[in-house]
Amino acid sequence: MYGDEATIRRILTELGDTWAVVGLSANQSRAAYGVARVLQRFGKRIVPVHPKAETVHGEPGYASLADIPFDVDVVDVFVNGALAGAVADEAVAKGARAVWFQLGVVDEAAYERTRAAGLDMVMDRCPAIEIPLLDQPVPRRSASASRRSG
């Protein structure tokens with residue numbers, strides 16, 4: 001598991017609402033397009049990052065993270081796993097607070113580098129799946145269960 005529930009919750013609720021979505025284009029058949037829309041519905045500002053620098057969901061795009069002229073809080077990565085580590089390094093250089101690798105994107109070395117640089121990081125998860133779950137109550141152990149276990 002590359003992102004415990006507390007880290008996921010912190011990224012989604014505490015680290016800021018500006019999300020650079022790397023790999024986001026105007027191609028509606030790509031997963032990034034739908035996930036960015038969900039992030040917007042939950043109050044996140046999305047920033048498309050794609051070599052085409054297209055406007056997506058009403059937000060102007062940029063060709064790279066370095067081209068974004070303002071701070072980003074989270075870098076959501078929708079690129080091939082072989083390229084994801086370099087994007088994580090760019091996120092560190094950009095001063096992001098967290099990096100999120102989408103489902104199927106795992107790079108353990110990038111995870112270690114990013115965490116060592118002080119950023120929160122999640123891999124192989126999807127914020128569009130996780131963010132609606134935030135409204136659900138967090139399971140808590142009852143006092144009697146705590147006494148029994150301990």
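The conversation below turns to the folding pattern, a pair of helices and a pocket.

Colleague: What kind of model is this, and what makes up its chain?

Modeller: This is a predicted model. Its chain has six helices and five strands, and along the sequence they follow the pattern α-β-α-β-β-α-β-α-β-α-α. Of the 150 residues, 45% count as buried, a term that requires under 20% relative accessible area.

Colleague: Why are helices H3 and H4 called roughly parallel?

Modeller: Helix H3 covers residues 81-94 and helix H4 residues 108-116, and they pack at an angle of about 10°. Angles under 35 degrees count as roughly parallel, and therefore H3 is roughly parallel to H4. Their axes lie 9 Å apart.

Colleague: Which residues make the contact between H3 and H4?

Modeller: H3 contributes Gly85, Ala88, Asp89 and Val92, while H4 contributes Ala110, Arg113 and Thr114. Contact here means heavy atoms within 4.5 Å. By class, three of these residues are nonpolar, two polar and two charged.

Colleague: What makes a residue part of the lining of the second largest pocket, and which residues qualify?

Modeller: A lining residue must have an atom within 4 Å of a point of the pocket. Those that line the second largest pocket are Gly23, Arg30, Ala31, Ala32, Val77, Phe78, Val79, Asn80, Gln102, Leu103 and Val105. This pocket has a volume of about 160 Å³.

Colleague: How does that lining divide by class?

Modeller: The lining has seven nonpolar residues, three polar and one charged. Arg counts as charged, so Arg30 of the lining is the charged one.

Technical notes:
Residues are numbered from 1 along each chain as its sequence is written. This is a predicted model: local features need pLDDT of at least 70, side-chain atom pairs count only at pLDDT 80 or more; totals for chains, interfaces and linings use all residues. Side-chain values use heavy atoms; hydrogens and water are left out. On a 1 Å grid over the protein atoms alone, a cavity is a set of points where a 1.4 Å probe fits but cannot get out, and a pocket is an open set with protein on both sides within 12 Å along at least five of seven lines; lining residues have an atom within 4 Å of a point. Grid points are joined across faces, edges and corners, and a volume is the space filled by probe spheres set on the points. Axes are lines fitted to C-alpha atoms, for helices over the stretch in contact, and angles run from 0 to 180 degrees between N-to-C directions. Helices (H or I, at least four residues) and strands (E, at least two) are DSSP runs, numbered from the N terminus. Angles under 35 degrees count as roughly parallel, over 145 as roughly antiparallel, 65 to 115 as roughly perpendicular and the rest as oblique. Buried means under 20% relative accessible area, exposed over 50%, partly exposed in between (1.4 Å probe, protein chains only).
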